[in-house]
Amino acid sequence: MCGIVGYAGRNAAAPVLIESLKKLEYRGYDSAGITVLGSGIETYKAVGKIINLESETPKNLGGTVGIGHTRWATHGRPSTENAHPHNSGGNPEKISIVHNGIIENYMALKERLIGEGYVFKSETDTEVIAHLLHKHIYGRPDGKEAQCELLAGLREALKEIEGSYALAILSADEPGKLVLARKDSPLVIGLGRGENFAGSDVTAFLNYTRDVIFVNDFETVVLSPVGVEIFDREGNLREKKIEKIEWDFEAAEKAGYEHFMLKEIHEQVSAIHDTLVGKVSELEGAIHLNELNLSEDEIKKLSRVQILACGTSWHAGLLGKYLFEQLAGIHCDIDICSEYRYRNPVMNDGTLAIAITQSGETADTLAAVREIMSYNCPTLAITNVVGSTITREANSVLYTRAGPEIGVAATKTFSTQLTLLYLLAVKFALVRGKLSPDYVKSFITELRKVPGEIQQILNQKEAIKECAENFARSNSYFFLGRHLNYPIALEGALKLKEISYVHAEGFAAGELKHGPIALLDEGTPVVAIATRGQTYDKMLSNIKEVKARDAYVIAVADSKDTEIGKYADIVLRVPQSNELLAPLLSVVVLQLLAYYTALARDCSIDKPRNLAKSVTVE
Ligand code: AGP
């Protein structure tokens, strides 16, 4: 996710930048850095919290213009080399840049720039922008004479960049100002007196000003102590509305959402999109998972996948099991890590272990990984935290690009874990000849639609809220699903119990009559996930069984389903989608149901009692 800040004023820039970065620390905190324009470009960086950067920065650093960054690693582990700002120009540096977003075509640009003589010091996608910009302004790596102004050079460089960015840039040859640009990553300007500010969100400068301008996609900004100029894509000066921020700091940190959990549920739209960036090619019907470290031959020879995870990550893994078996024809086992450690597993040749953990620090998962690695089994980690313990232990790592998740209840990390499992299963199926490139092409098209479909669900969240409020006083909830919807039923129940403290159970719907149905009573809310698919008719039968016991059925169904309304009491709709991908939509409904139930019960949603974000003890 990352946070960027900028300052142009009459005071020393460094303390203002560091204070602003502290306010953005919730956006990322694995490393941080600043550049101030003093006698030239002066950059300071540190790994870890902003406080480390503060001790690294000289106390009386001159310069009243500067930029800063707090990092949530996406490309390259947390280190001072990978921390922003990234500079270009050599000795002395000419350009300094901070970036929030992902540059999708950075590998191609990097190769080209290396060929032209640029030397890269980091593994980041951002450094490409610094050198590309330098190239447009100074012509070559050792060029010292500017051939155009920073803003003009930036406009040219942006034409070559694919991906998302909020950028703040300093040029040694244009002191007294900074230049900014935005596409698909947030950027806001704060207006002061004799000083102006920039940030990824308003929390960065709320202590200084409440007058702000929100920058739109494709706009560029020139920020100086005395003014702010904003230009459109064609370079025309724009008149922008100044808005007054009434939020207090806490509300601003949550971008106006009442809780981090609600914010993170909404962020699934961008998190899934970001997780797909660079990994799918619709044109070729190909999936690129270079981090996997498995050759096509090794994928063909796999005889088994062993998934290891806990809690919500285990639910993602369970869905993964269905996908690996159904799509790729690979036998797949899944274990809860705390059980796996003590059950003396029997190992087969050709097993790939996949450990799923959003934090990368869960003690049981780490122990299970060590156990399976003691059998020389190759291990792939799926995690959200670059540099976490699991990334140092597993043989290879795939990152969910969800950004920091602050709410204890996992939401966007779950849906991005699922996204990677879809990619893995489809990739394996393609390599093993179980799916054709044509099928994969249409699957990728469908997968790319998911963020937009999630947005449609979010736009109708009032119906889910109303439903949650109706049942907020129920003592017990049941969640039913079959096939791919079974893990989603388990996840829906876990979300509800975690944050609203209501007793909730998830069942494979077919199991109901083998015992749990005895628990059903008049009015018991039963959430039935009944999106169209191979088990839809069976699910309708289960709904009828439930209705016959006078329970209250809340169905999650497709928007075009006209039948379900005959049997269910309430129908919560998701957009009609590919049967395989429907879980990514249904889970959003269940997350919102849990959220609004907890809200109605006045629970501590972001920090539920007795729970921790990462469970680092056995
Ligand atoms: C999810 O909402 C929970 N907080 C919990 O079940 C969590 O998924 C589990 O502790 C595993 O965490 P991990 O993904 O960080 O390993």
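1. Which residues lie nearest the centre of the second largest pocket, and how many residues line this pocket? In this predicted model, the lining is made up of 27 residues, and those nearest the centre are His75, Tyr106, Met107, Glu291 and Arg401.

2. The volume of the second largest pocket comes to about 820 Å³, and its lining divides by class into 9 nonpolar, 9 polar and 9 charged residues.

3. As to the secondary structure behind this lining, α3 (106-115) and β21 (396-399) each contribute at least two residues, and it is α3 that gives the most, with 4 residues.

4. Turning to the ligand, 15 residues surround it, with Ser313, Thr357, Ser359, Thr362 and Glu498 as the closest. By class, this shell holds 6 nonpolar, 7 polar and 2 charged residues.

5. An N or O atom in the side chain of Ser313 is 2.6 Å from a ligand oxygen, while for the side chain of Glu498 the corresponding distance to an oxygen atom of the ligand is 2.8 Å. With Ala410, by contrast, a backbone N or O atom takes part, lying 2.9 Å from an oxygen atom of the ligand.

6. On its own the ligand has 410 Å² of accessible area, of which the protein covers 92%.

Methods:
Residues numbered from 1 in each chain as written. Predicted model: local features only at pLDDT ≥ 70, side-chain atom pairs only at ≥ 80, totals over all residues. Heavy atoms only, no water. 1 Å grid on protein atoms, 1.4 Å probe; cavity = no way out; pocket = protein on both sides within 12 Å on 5 of 7 lines; lining within 4 Å. Points joined across faces, edges and corners; volume = space filled by probe spheres on them. Nonpolar A, V, L, I, M, F, W, Y, C, P; charged D, E, K, R; others polar. Near = heavy atom within 4 Å. Polar contact = N/O pair within 3.5 Å; in protein donor to acceptor, adjacent residues only side chain to side chain. Areas by Shrake-Rupley, 256 points an atom, 1.4 Å probe, with all protein chains shown as cover.
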